[in-house]
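Subject: Handing over the structure

Hi,

Here is the structure I promised to pass on. Have a look at it first, and then read my notes below.

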Amino acid sequence: MLHKILVPLDGSRLSDRILNQVRRLLVREDARVMLLRVQPSPLQYPYNEERRRVLVQTQEHLEGLCESLCENGARATYTLLDAGDPATKILDFAKRYNPSLLAMTTHGRSGIRRMLRGSVAERVLRNARHPLLLWNPFRPTGVGKGGGPRFARILVPLDGSSESAGILPLVRSLAELNEAKVILLHIQELYPLSSEYPGALPMLTPEEALKILSPYRRQLGSIPVKLRTEVGLPASGILDVAQEEHADLLALSSHGRTGVSRWAFGSVTEAVLRHCPLPLLVTRTRPG
């Protein structure tokens with residue numbers, strides 16, 4: 001299922017670190033890996049000789065990365081695009097190339113001073129129609145497992161909607177590829193009893209919450225699955241469970257019950273991505 005992986009890079013060591021996560025996908029299956037580099041604006045290099053020098057350096061750097069990936073069993077190549085807006089160039093190329101996965105870091109040349117909002121990664125996340133593997137290179141390589149050679153424990157938050165379950169076919173493929181265990185998580189938010197009684201209670205009992213997850217277990221076939229329910233705030237709850245379960249990949253859909261405005265950018269997914277030490281696998285699904 002992950003036979004074509006597109007990896008946008010910006011020439012920085014930070015963006016190159018996404019390849020450590022890509023290699024974890026190559027443990028049991030070869031794939032075609034396309035490295036994509038949008039050339040710097042000519043305004044940064046006003047002299048032709050300087051532009052030629054930068055081009056040669058860029059090509060040599062990409063060739064070295066391709067050689068390294070080929071040692072891991074991939075069929076790797078690269079493409080250099082003309083100067084332009086990086087996010088637009090990446091999205092246009094992805095439409096033509098039609099990858100099974102698009103992998104990139106959430107920080108590159110701009111470093112930690114520039115957060116996700118407004119960055120190339122956010123714009124690609126907002127508009128891409130392909131699954132994305134995103135990772136913050138400033139975070140540790142994993143929780144508990146320390147970024148091992150494969151994804152062994154995959155955490156999947158679900159809200160009970162068909163949209164949030166849209167990630168499961170890809171999760172199943174990854175779990176089979178990596179012989180991984182999957183933890184399905186449902187988090188109930190607390191609701192106030194009334195204006196007179198500000199205390200809050202979950203809407204469902206733990207047993208009722210587990211019933212929400214049971215149908216999704218069947219979608220994963222023979223893969224080892226653990227069901228878990230919690231009560232609290234979704235983003236912080238997801239991060240806490242990721243640590244407790246020693247997960248090394250977090251997978252979720254960019255649409256939940258409340259749609260794209262909540263799950264993708266202004267709330268849960270963005271909050272998780274900003275603080276999560278794990279690689280984050282995201283798919284966009286259309287609300288039914």
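Predicted model: local features only at pLDDT ≥ 70, side-chain atom pairs only at ≥ 80, totals over all residues.

Residues are numbered from 1 along each chain as its sequence is written, and side-chain values use heavy atoms, with hydrogens and water left out.

Back to E5. E5 also pairs with E4, this time in the parallel sense and over four bridges, and there Thr 105 sits opposite Trp 135 of E5. Within E5 (residues 132-135), Leu 132 and Leu 134 point one way, Leu 133 and Trp 135 point the other way, and all are buried. Buried here means under 20% relative accessible area, exposed means over 50%, and partly exposed is in between (1.4 Å probe, protein chains only).

Now the whole chain. You'll find 10 helices and 12 strands; these are DSSP runs, numbered from the N terminus, with helices being H or I of at least four residues and strands E of at least two. Of its 288 residues, 50% count as buried. The chain exposes about 13800 Å², and carbon and sulfur atoms supply 51% of that (areas by the Shrake-Rupley method with a 1.4 Å probe; for residues, only the protein chains shown count as cover). Among contacts (heavy atoms within 4.5 Å) between residues at least 6 apart in sequence, 79% join residues at least 24 apart.

What about the inside? In soluble globular proteins, nonpolar side chains tend to be buried together. The largest nonpolar core here has 46 residues, and Val 7, Leu 35, Ile 154, Val 156, Val 182 and Leu 184 touch the most other members. Helix H6 (residues 168-178) gives the most to this core, with six residues. A second, separate core has 37 residues, including Met 34, Tyr 97, Val 124 and Cys 276. By core I mean a set of buried Ala, Val, Leu, Ile, Met, Phe, Trp, Tyr and Cys residues joined through side-chain atoms within 4.5 Å.

Ser 100 lies in the loop between helix H4 (86-97) and strand E4 (101-105) and is buried at 13% relative accessibility. A polar atom of the Ser 100 side chain lies 3.1 Å from the backbone nitrogen of His 3, and one lies 2.8 Å from the backbone oxygen of Lys 4.

Asn 98, in that H4 to E4 loop, has a positive phi near 55 degrees. Glu 179 has a positive phi as well, near 50 degrees; Glu 179 sits in the loop between H6 and strand E7 (181-188) and is exposed, at 53%. Most residues other than glycine have a negative phi.

Finally, Gly 237 is in helix H8 (residues 234-244) and is buried at 14%.

Cheers

Note on methods. Polar contact = N/O pair within 3.5 Å; in protein donor to acceptor, adjacent residues only side chain to side chain. Pairing = 2+ DSSP bridges.
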